[in-house]
Amino acid sequence: MAANTYECMFLLDPSKVSGDVAGAAKQVEAILAKNQAEVLASRQWDERRLAYPVKGQKKGLYYLTYFRSEGKNLVNIERDCALNEAILRYLALRVHPKMVDTMLSLARDEHALALQAVPEPVATEGPVIEELDAPRHKRPRRHEDGEHKS
C-alpha cells in the first residue's frame, strides 16, 4: 500500500507543555515514529486563547506537523494522541499529492509564521465614510385588505 502525506494540527495543553515546546515536539514525534510515520516537517504554529474551553483549558498551543504514513497507521496514531495528556485535540488531513511540495515548502519556511503574525496596517488617511443623515425611503405598507397606505 502506498504511503500518503498528512497534515496534522495538534492542540497542546500549555500547562502540561509549560513552555517546553521542544519537549512537546519530541512527544508528538515519538507518537508518529512509534506508528511508522516519517515526519517531514513540524513546528510550533501559535499559542492563543481558545474560543471555548477544551478539557478545561482556555489557552492552547497549536503545533503543526506533516508526516508520511500508510492510512492503516492513522488509527493507532489517533489512539496514542487520545491517551496523551498533553494533547487536547488533533486533526489529521490527507494532503493531495499535487500539493505536497507546496505545503512542505511553506511549512519549512522560517518566515511563513512571521508573515501570519504581522497585523494588517490600519488606514489613518484616506476617504472618510460619512453617515447618512437623510431619512430613509419609506416603503408603502400593505393592509390586510390589500390597499397601499403610506
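In this predicted model, F10 stands opposite Y90 in β4. Strands here, like helices, are DSSP runs numbered from the N terminus (E, at least two residues, for strands; H or I, at least four, for helices). β4 and β1 pair in the antiparallel sense over seven bridges, where pairing takes at least two DSSP bridges between two strands. β1 also pairs with β3, again in the antiparallel sense, over nine bridges, and T5 has R68 in β3 as its bridge partner. Seven of the nine residues of β1 are buried, so the strand is largely enclosed by the rest of the structure. Buried means under 20% relative accessible area, exposed over 50%, and partly exposed in between (1.4 Å probe, protein chains only).

Now for helix α3, residues 74–83: its buried residues are L74, I77, D80 and C81. They cover an arc of only 125° around the axis, which puts them on the same side of α3; the arc is taken from the directions from the helix axis to the C-beta atoms. V75 and L83, on the other side of α3, are exposed. The buried residues of α3 pack against β1 (4–12), α2 (21–34), β3 (57–69) and β4 (87–94), with contact meaning heavy atoms within 4.5 Å.

Zooming out, the protein chain has five helices and six strands, and 30% of its 150 residues count as buried.

A word on bookkeeping: residues are numbered from 1 along each chain as its sequence is written, and side-chain values use heavy atoms, leaving out hydrogens and water. As the model is predicted, local features need pLDDT of at least 70 and side-chain atom pairs count only at pLDDT 80 or more, while totals for chains, interfaces and linings use all residues.
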